[in-house]
Amino acid sequence: MAKQRGKKKRAGSRRMEDGRAAPASLRQALRRLAGRRVLITTHSLADSDAAASCLALAGHLGPQSVIALADRSNSESRRLFADQMDRLQNFEDARARYPKAPVILLDANDPSILPQIGGGEKIALLIDHHALSRHSVRAKIEWVEPQAASACELIAATIPRPSPQAASWLCLGILSDSARLLHADARTFGTLARLLEHADADYE
């Protein structure tokens, strides 16, 4: 009986580890920022992957976190997250109110789509699934994994037990950016399966 219980525990651990693993340095940095005032931002005309990533990470870090965008999100994300749109603030306004708040940048590193990042703005954390180039915006701590189909996959790896709402948001972001899993690998499916266990809706 002891051996059987041990096997079940190990199998459960493997299942929780399916998907992508966030670097230890990133997990530690997020723990330090939890409960503090931070500005979470992303690229211009935030799509569903970007918006879901921001919403889920803000929920994870706590009510002091501010989602601060360069401009409005795109039409799909406004439709999918209509009940959350009032949470999204303008980056310039948020920076004026919180001049010392560290910045977390999600789902983008190309300065051409980051008009709010300039004038010496320093980035504390960068989490992105787009490859870096010599022109990329860089951060003190980075997790950039171009093999991932979406930023939401990476955010999911930083939140061990997402709320049902956050899990649903992350599922939507993954499905959108992966073209309904057309551009997905085995770890994407592992992440999605774990999120669906927590989500407040089924896959259909």
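A salt bridge here is a side-chain nitrogen of Lys or Arg within 4 Å of a carboxyl oxygen of Asp or Glu. By that rule, Arg20, Glu145, Glu153, Asp185 and Arg187 are linked in a network of salt bridges. The whole structure holds 6 salt bridges. This is a predicted model: local features need pLDDT of at least 70, side-chain atom pairs count only at pLDDT 80 or more, and totals for chains, interfaces and linings use all residues. Residues are numbered from 1 along each chain as its sequence is written, and side-chain values use heavy atoms, with hydrogens and water left out.

**Salt bridges**

- Asp185 and Arg20 pair through their side chains (2.6 Å, N to O).
- Asp185 sits in the loop between α7 (164-177) and α8 (186-198) and Arg20 in the loop between α1 (2-17) and α2 (24-33), so the pair ties together parts 165 residues apart in sequence.
- Helices (H or I, at least four residues) and strands (E, at least two) are DSSP runs, numbered from the N terminus.
- Arg20 is buried at 5% relative accessibility, whereas Asp185 is partly exposed at 25%.
- Buried means under 20% relative accessible area, exposed over 50%, partly exposed in between (1.4 Å probe, protein chains only).
- Glu145 and Arg187 also form a salt bridge (3.3 Å, N to O).
- Glu145 lies in the loop between β6 and α6 (151-158), and Arg187 in helix α8, 42 residues apart.

**Ser136**

- Ser136 lies in the loop between β5 (125-128) and β6 (141-144).
- Ser136 is buried, at 11% relative accessibility.
- Not counting residues up to four places away in sequence, Ser136 touches Asn109, Pro111 and Ala131 (contact: heavy atoms within 4.5 Å).
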